[in-house]
Amino acid sequence: MKELNYSYYPGCSLHASAGEYDLSTRELFKALRIGLTEIPDWFCCGATPAHNVDELLSLSLCAKNLELADKVEGDMAVACASCFSRLKTAQHVLGESDVKRKQVEKAIDAPVKLDSNVKHLLEILAKDLGLERLAAAVNKPLSGLKVACYYGCLLTRPADVPNLDCAEAPTIMERVIEAAGAETVAWTHRLECCGANFTLSRPGVVLQLTNAILESAKAAGADCIMVGCPLCHGNLDIRQKEIEGVYSTSYGLPVFYLTQLVGLSVGLGADKLGLDAMMVNPMPLLKEKGFL
Amino acid sequence: MKKKKMVISQETMDVDFVRKVEALSGTSVRRCFQCGKCSAGCPMATFMEHPPNRVVRLLQLGQWQRVLAGRSIWYCASCETCTTRCPNKVDLASIMDALRKLSWDAEGASKESYVQLANKLFLQNIRTYGRQYEMRLAAVFNVKSGQFLKDLMLGPKLLAKGKLKMFHSKNKNMPEIEKIFTRIEEMRKKGEAL
């Protein structure tokens, strides 16, 4: 079997508010014997603010990062759904428009790399490693854990850009976590927007949208939510207590990164998964289920 | 507020602006037949005075000033639901980007200032540090928007969880990153890019 090696683009959040996503990604990949080399000097992809007001800047920032990634062996492994979306969008747009490609090449003073493979962690686990090999590595199956898989917006939309899974009815998250032994619930809000970066400018918007997501997950009987995006995580986990206060309700739903839950199933301990960084304490649930 | 009556005439229709939006977004507003799927799926429509399908209708009629004057474009979350569901392949999310850019260039054409401030600080952070400095972003936003107490209770909890980093170092390749910004500025000065 071919050895798997990737150039790693963590994204800004993983070096700050989503430190546990970074930690659990590195530890999970180590446990699965997948090589991960952080791209030297990577910088911000521009995220939503850049493309919101300056597409050329957004495309250029992404193109430069793609160039930096090209110097490291392997396809690009991206953890954040927003970075993933921006990098894939840049490749898509620059592949379709010669005018924009020429402008970007002038801005970064280098040819644009369109052929490199940008992959979200989910894709690496489900397709490159494969669900069979993943299932074979599981030694502590998450039996009896009911997981609500939350995709949010950018892992699958728009249909012709990320090519991770079907835009309207994806199953990749469910397939990955079922391979880890967990159960998944069917629920209404797995593809709805959480409000993302409005958490800074208009948090009221986030409270309203995220409340609907938590309500739906709870109603479906989920024990917890699983995400693959630090922005979704911030809104669902960090703001959960505030939401419970504003809407006079109680959810108590731990929000895990996919690498934390999969990591747990391959036998990684709490210290290697950053479980103590979660705002909604997952320990009572994990102890009740006998995983820790 | 009393609604101003819309008058469609040669004088009020500005199609040149709409062409610019179409060039920037790489999509055509003329393909839209107003089915409304975009607005039906839009998570933010409830916060907008003009839901997505009406934004496109106003553009078809050359009434872009009405769109830019409102806050609709700044309340779009870029979730891409509209683009994904449009039966006529109108890339509405990109139209929103183009409108925001043209509004941004016109400086303060819109009422919505918080979202614009957040965007501005985010981009400044890239130019200064390379990677986002989340702590600074939140702190400067609160000061500049005059909301000193916003999320005040959250700060210590995030610090305790290691989710907010007090200190942040700059990227080593800052000169290269700065060059991207300056080259784009130069291209725009010379009229080589919008």
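**Group meeting talk: the two chains of a predicted model**

Let me begin with chain B, which is divided into domain 1 (15-105) and domain 2 (114-189), the bounds coming from an automatic or database domain assignment. The centres of domain 1 of chain B and domain 2 of chain B, taken over C-alpha atoms, are separated by 28 Å.

Residues are numbered from 1 along each chain as its sequence is written, and chains are lettered from A and ligands numbered from 1 in the order in which they are written.

What does the secondary structure of chain B come to? It comes to 10 helices and zero strands, where helices (H or I, at least four residues) and strands (E, at least two) are DSSP runs numbered from the N terminus. The C-alpha atoms of chain B fill a box of roughly 55 × 40 × 35 Å along the principal axes, and of the 194 residues of chain B, 39% count as buried. Buried here means that 20 or more other C-beta atoms lie within 10 Å of the residue's own, exposed means 12 or fewer, and partly exposed is in between, with C-beta atoms placed from the backbone.

As an example, take B:Lys144, which lies in helix H8 (residues 134-144) of chain B. B:Lys144 is partly exposed because 14 other C-beta atoms lie within 10 Å. The C-alpha atoms of B:Lys144 and B:Leu121, which are 23 residues apart along the chain, are separated by 9.8 Å.

Now to where the chains meet. The contact takes 44 residues from chain B and 45 residues from chain A, two residues being in contact if their C-beta atoms, placed from the backbone, lie within 7 Å. On the side of chain B that touches chain A, the elements giving two or more residues are helix H5 (81-85), helix H6 (92-105), helix H7 (114-129), H8 and helix H10 (174-189) of chain B, and the largest share, seven residues, comes from H7(B). That side of chain B divides into 22 nonpolar, 11 polar and 11 charged residues; Ala, Val, Leu, Ile, Met, Phe, Trp, Tyr, Cys and Pro count as nonpolar, Asp, Glu, Lys and Arg as charged, and the others, Gly among them, as polar.

Chain A, for its part, is divided into domain 1 (5-120) and domain 2 (133-288), and 23 Å separate the centres of these two domains of chain A, taken over C-alpha atoms. Their contact takes 24 residues from domain 1 of chain A and 27 residues from domain 2 of chain A. Helix H1 (19-31) and helix H4 (81-96) of chain A each supply at least two residues of the side of domain 1 that touches domain 2, and H1(A) gives the most to that side, with nine residues.

Finally, a sheet in chain A. Four strands form an open sheet in the order S6-S5-S7-S8 (chain A), and the pairing is parallel, where two strands pair if DSSP finds at least two bridges between them. The edge strands, each pairing on one side only, are strand S6 (183-184) and strand S8 (255-257) of chain A. Strand S7 (residues 224-227) of chain A pairs with S8(A) in the parallel sense over three bridges, and the bridge partner of A:Met226 in S8(A) is A:Phe256.

Note on methods: Predicted model: local features only at pLDDT ≥ 70, side-chain atom pairs only at ≥ 80, totals over all residues.
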